[in-house]
Amino acid sequence: MTTTTTLADKLTEVAQRLESRPKELIDVIFTAKTNIEQTFDPKQAIQPGAKLPEFSLPDATGRQVSSSELLSKGPLLITFYRGQWCPFCNLALRAFQLRLPEIEAMGANFVAVSPELPDSSLSSIEKDELKFPVLSDIGLKLARELGIVWKQPETLRVIFDTFGTDLKARNGDDSFELPIPTTILVDQSAIVRNVHANPDYFKRLEPQVALDWIKAL
């Protein structure tokens, strides 16, 4: 019998490898993670039935891509991720890439959004050979309108330094904020139909669930 490896399985493997890091680093990461899980209220995020705020964001080449342009082609599936430096995000993007033909066969579009500058997004596309637009929500303007921004504790700065991730350079500011990993399905009338916002960034929406959302439209 063939066993199918889910996105959740792959994410668990990454989390287990992370736990092998020095205890003083892991304690800082898990303390901050537990805090956001306990304090973030999913109801503060945009809810089904709300209208998606209009946006125009640069893609990896710097071209502006608007919500009206995307919605003119059909329903829109949007996933917000932390950045190309995040292994959990990379796994999630690759998982959606594998299901992209099915998403498009249903007449829907898929885009990924992060706070990284276009140059950083381009490296993500080149690395993972993604075939969908990767947009830059510089300054987290759109994420803020959607209620999915996390102001990270200062204790995490040493973690980014240890892993060699310069968030200020990648995002173009020193706000030290990231989006809560969130996936949203919007119908062609710009009405939000489904939302999955999980502050536990070790976990992500399975692409199959998103496909079920689209099928139910």
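At what angle do the axes of helix 1 and helix 4 cross? Roughly 160 degrees, and the two axes come within 10 Å. One caution before I go on. This is a predicted model.

Let me stay with that pair. Helix 1 covers residues 7-18, and helix 4 covers residues 87-105. Angles over 145 degrees count as roughly antiparallel. So helix 1 is roughly antiparallel to helix 4. The crossing of helix 1 past helix 4 is right-handed. Who makes the contact? From helix 1 we have Leu7, Lys10, Leu11, Val14 and Ala15. From helix 4 we have Pro87, Phe88, Leu91, Ala92 and Ala95. By class, this contact of helix 1 with helix 4 holds 9 nonpolar residues, 1 charged and no polar.

Now the other helix partner. Helix 4 also packs on helix 9, residues 207-216. Here the angle is about 25 degrees, and the axes are 10 Å apart. Under 35 degrees counts as roughly parallel. Helix 4 is therefore roughly parallel to helix 9. Helix 4 passes helix 9 in a right-handed crossing. On the helix 4 side, look at Ala95, Phe96, Arg99, Glu102 and Ile103. They meet Pro207, Gln208, Ala210, Leu211 and Ile214 of helix 9. The class count for helix 4 with helix 9 is 7 nonpolar, 1 polar and 2 charged. Note Ala95. That residue is listed in the contact with helix 1, and again in the contact with helix 9.

Take strand 3, residues 76-80, with strand 4, residues 109-114: they are parallel, over 5 bridges. In that pair, Thr79 stands opposite Ala112. Phe80 has Val113 of strand 4 as its bridge partner. Then take strand 8 with strand 9: antiparallel, again over 5 bridges. There, Leu185 stands opposite Asn194 of strand 9.

How many residues of strand 3 are buried? 5 of 5. In a regular strand, side chains alternate between the two faces of the sheet. Strand 3 sends Leu76, Ile78 and Phe80 one way, and Leu77 and Thr79 the other way. All of these are buried.

Is Val134 buried or exposed? Buried: its relative accessible area is 0%, and anything under 20% counts as buried. Val134 is 41 residues from Leu93 in sequence, but their C-alpha atoms are 9.9 Å apart.

Leu140 sits in the loop between strand 5 and helix 6, residues 141-146. Its phi is near 55 degrees, a positive value in a residue that is not glycine. Leu140 is buried too, at 3% relative accessible area.

Ala190 is in the loop between strand 8 and strand 9. This hairpin has 5 residues between its strands. Phi of Ala190 is about 70 degrees, and again the residue is not a glycine. At 11% relative accessibility, Ala190 counts as buried.

Last stop: Asn171. You will find Asn171 in helix 8, residues 167-171. Its relative accessibility is 4%, so Asn171 counts as buried. What does Asn171 touch, leaving out residues up to four places away in sequence? Pro115, Glu116, Leu117, Ile138, Glu177 and Leu178.

To recap. Helix 4 packs against helix 1 in a roughly antiparallel way, and against helix 9 in a roughly parallel way. Strand 3 has 5 of its 5 residues buried. For the backbone, look at Leu140 and Ala190, both with positive phi. That's it from me.

Definitions and conventions:
Residues numbered from 1 in each chain as written. Predicted model: local features only at pLDDT ≥ 70, side-chain atom pairs only at ≥ 80, totals over all residues. Heavy atoms only, no water. Axes fitted to C-alpha atoms, helices over the stretch in contact; angles between N-to-C directions. Helix = DSSP H or I, 4+ residues; strand = E, 2+ residues; numbered from the N terminus. Parallel < 35°, antiparallel > 145°, perpendicular 65-115°, else oblique. Left-handed = near helix turned anticlockwise from the far one by under 90°. Contact = heavy atoms within 4.5 Å. Nonpolar A, V, L, I, M, F, W, Y, C, P; charged D, E, K, R; others polar. Pairing = 2+ DSSP bridges. Buried < 20%, exposed > 50% of the residue type's maximum accessible area, 1.4 Å probe, protein only.
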